[in-house]
Amino acid sequence: MNGVKIEGVSIQWLGNSGFLLEGDGKKIYIDPYQIGEGPAFDDKADILLITHEHFDHCSPEDIRKVRRSDSTTIIPESCSLEFRGDARRVAEGDILADGLEIKGVRIEVVPAYNLDKPNHPRGLGVGYIVELGGLRIYHAGDTDFIPEMQNIRADIALLPVGGTYTMNEEEAASAAAVISPGFVIPMHYGSEGISGDPERFKALVRSKNPDINVIILDS
């Protein structure tokens, strides 16, 4: 299965770090990449979140497939690409709430960076916490297990496990244990140059906190 419904929210993994979240009558795409055929108009994005400008996260070809003329695109300040239409630049620490909600959806912009790798220096990219259907969904972006994760509150966490450019399975399991969501979905593994074993991640999470439900999706 490439999707799951948790309470009132549907989560579909598009591969790599790409997801489609559906709830409260909204469709939110995060980092769409290599999605094949573009969706029908009604299945395109109300909101589009980009974590950083690397090609497998900010893909103009895939963004065009999922964007409508009235889609709102959220991009980090550091992203050099220019977007037409309703595009808003954000930085870590921004909270889109209290009158700044995007189409009624509360979004928090959180840090995402590497500690001991050169690929994602702090300030390049971000993660997001999206409130949908009464749930807080954390998309970590491309990141290591960073200290700021101790302050993340989420019901569902989407965590990279592939190593190489991000956390590996062990580090991601430690992150999951600290965040302690009800559900965690591994991402950013299985593509070219990125290994990562979701079953190993699941076993590690179970050993650290058996109350966390790990859901492995097919892309």
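Asparagine 16 is found in the loop between strand E2 (9-15) and strand E3 (18-23). Strands (E, at least two residues) and helices (H or I, at least four) are DSSP runs, numbered from the N terminus. The model is predicted: local features need pLDDT of at least 70, side-chain atom pairs count only at pLDDT 80 or more, and totals for chains, interfaces and linings use all residues. Residues are numbered from 1 along each chain as its sequence is written, and side-chain values use heavy atoms, with hydrogens and water left out.

Asparagine 16 is not a glycine, yet has a positive phi of about 55 degrees. Its relative accessibility is 7%, so asparagine 16 counts as buried. Buried means under 20% relative accessible area, exposed over 50%, and partly exposed in between (1.4 Å probe, protein chains only). Aspartate 24 sits in the loop between E3 and strand E4 (26-30). Aspartate 24 also has a positive phi of about 55 degrees and is not a glycine. Aspartate 24 is exposed, with a relative accessible area of 54%.

## The largest pocket

Asparagine 16 returns in the lining of the largest pocket. That lining has 21 residues, of which Asn16, Tyr33, Asp56, Ser191 and Ile194 lie nearest the pocket centre. A pocket is found on a 1 Å grid over the protein atoms alone, as an open set of points with protein on both sides within 12 Å along at least five of seven lines; lining residues have an atom within 4 Å of a point.

The volume of the largest pocket is about 350 Å³. A volume is the space filled by probe spheres set on the grid points, which are joined across faces, edges and corners. By class, the lining has seven nonpolar, 11 polar and three charged residues. Ala, Val, Leu, Ile, Met, Phe, Trp, Tyr, Cys and Pro count as nonpolar, Asp, Glu, Lys and Arg as charged, and the others, Gly among them, as polar.

## The second largest pocket

This pocket has a volume of about 180 Å³. Its lining is Pro60, Ile63, Arg64, Arg67, Leu81, Glu82, Phe83 and Arg84. Helix H1 (residues 60-66) gives the largest share, three residues. Four lining residues are nonpolar, four are charged and none is polar.

## One cavity

A search of the whole structure finds one cavity of 30 Å³ or more. A cavity is a set of grid points where a 1.4 Å probe fits but cannot get out. The largest cavity has a volume of about 30 Å³. Its lining is His52, Ala112, His120, Pro121, Leu124, Gly125, Val126 and Asp142. Four of these are nonpolar, three polar and one charged.

## Threonine 51

Threonine 51 lies in the loop between strand E5 (45-49) and H1. Threonine 51 is buried, at a relative accessible area of 1%. Its side chain makes a polar contact of 2.9 Å with that of histidine 52. A polar contact is a pair of N or O atoms within 3.5 Å; within protein, one must be able to donate a hydrogen and the other to accept it, and residues adjacent in sequence count only if both atoms are side-chain atoms.

Leaving aside neighbours within four places in sequence, threonine 51 is in contact (heavy atoms within 4.5 Å) with Ile30, Asp31, His57, Pro76, Gly125, Val126, Tyr128, His139 and Gly141.

## Cysteines

The structure holds zero disulfides. Cysteine 58 is in no disulfide; the nearest cysteine sulfur, that of cysteine 79, is 4.1 Å away. That separation is too far for a bond, as a disulfide is a pair of cysteine sulfur atoms within 2.5 Å. Cysteine 58 is buried, with a relative accessible area of 4%. Cysteine 79 counts as buried at 4% relative accessibility.
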